[in-house]
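Please keep the sequence and the model in view while going through the points.

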Amino acid sequence: MHAEILDIGFMNVIFPKEKIKYTGKEIEPLWAFNMFDVQKDSVVAFRGGMEVRIEDMKDLKDVKEEGEFEIPIKGDDCIHFIVEHFDNPDLKMIYLRQRILICIAKDVIGDFGVKLDREGDDLYCSGKKLSVCIATRGVSSAKIHLGINVNSKGIPEHVEGIGLEDIGIFDVEEVMRKIAIGYAKEMEKIERDIRKTKSLL
């Protein structure tokens with residue numbers, strides 16, 4: 001698949017040229033390598049629908065709460081971020097990185113004059129759910145998926161959702177690029193800080 005690939009220090013940021021539907025399978029290990037032939041830590045940012053079946057969900061609490069729905073997570077148009085780190089972080093570390101990604105997304109969208117609320121790894125606007133997010137860990141890497149609704153079309157009836165266009169943000173490409181590049185730059189800064197800090201004796 002054709003993509004624009006940016007090299008930002010310790011990470012690649014990948015912008016596919018085509019739309020991709022997120023199904024939950026993209027969070028499997030080495031997806032970026034298989035699709036785009038990249039072997040570094042990466043952020044893949046793309047636009048497309050979302051349709052995650054119950055068997056492909058990683059959050060067991062959500063599985064229990066939404067098990068009655070065949071496709072509990074869906075939307076017609078979203079922006080997605082698939083993050084993969086190979087430094088073998090434990091589950092707590094990848095959840096901390098997930099929170100950094102969410103906070104960056106909140107800041108980027110907030111720069112458009114929109115007030116968002118964050119509850120853990122979820123973003124809300126006026127009480128309506130704007131995003132979905134999960135972090136998980138495998139043998140070789142740890143991964144994050146963040147999906148942000150572009151509009152509210154196709155969102156399941158049991159979810160009171162909202163999208164970027166519903167709150168007056170139409171430059172979706174700019175939002176997507178700023179979040180992805182912002183995350184990669186933040187990880188780059190952290191890595192460089194580690195390499196310049198004198199340890200305690």
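This is a predicted model: local features need pLDDT of at least 70, side-chain atom pairs count only at pLDDT 80 or more; totals for chains, interfaces and linings use all residues.

**Note on the sheet, its helices and its cores**

1. S4 and S9 are paired strands, joined in the antiparallel sense over eight bridges. Within this pairing, isoleucine 82 stands opposite histidine 145 in S9.

2. On pairing in general, the strands of a sheet are held to one another through backbone hydrogen bonds, in either a parallel or an antiparallel sense. S3 and S4 run antiparallel and are joined by 10 bridges; here alanine 45 faces phenylalanine 81 in S4 as its opposite residue. By contrast, strand S2 (residues 11–16) pairs with strand S3 (residues 41–52) in the parallel sense, over four bridges. In that pairing, methionine 11 stands opposite aspartate 41 in S3.

3. In what order do the six strands of the open sheet lie? The order is S1-S2-S3-S4-S9-S8, and the pairing is mixed. Strand S1 (3–8) and strand S8 (131–137) are at the edges; each has a single partner strand, so one side of each lacks a neighbour in the sheet. From one strand to the next, the twist averages 20°.

4. Helix H3 (residues 91–110) lies across strand S4 (73–85), S8 and strand S9 (142–149), and runs at about 25° to S9. Helix H4 (residues 172–194) lies across S1, S2, S3, S4 and S9, and its angle to S2 is about 165°.

5. Is S4 mostly covered or mostly uncovered? It is mostly covered, since 11 of its 13 residues are buried.

6. In soluble globular proteins, nonpolar side chains tend to be buried together. In this model the largest nonpolar core has 41 residues, and those with the most contacts inside it are Ile79, Phe81, Ile109, Ile148, Leu164 and Tyr183. Elements that give two or more residues to this core include S2, S3, S4, H3, S9 and strand S6 (122–125). H4 gives the most, with nine residues.

7. Leaving aside neighbours within four places in sequence, leucine 164 is in contact with Ile79, Ile109, Leu130, Ile148, Asn149, Val150, Asn151, Ile169 and Val175. Another core, of 17 residues, lies apart from the largest one; among its members are Val38, Val44, Cys78 and Val132.

Definitions and conventions
Residues are numbered from 1 along each chain as its sequence is written. Side-chain values use heavy atoms; hydrogens and water are left out. Two strands pair if DSSP finds at least two bridges between them. Axes are lines fitted to C-alpha atoms, for helices over the stretch in contact, and angles run from 0 to 180 degrees between N-to-C directions. Contact means heavy atoms within 4.5 Å. A nonpolar core is a set of buried Ala, Val, Leu, Ile, Met, Phe, Trp, Tyr and Cys residues joined through side-chain atoms within 4.5 Å. Buried means under 20% relative accessible area, exposed over 50%, partly exposed in between (1.4 Å probe, protein chains only).
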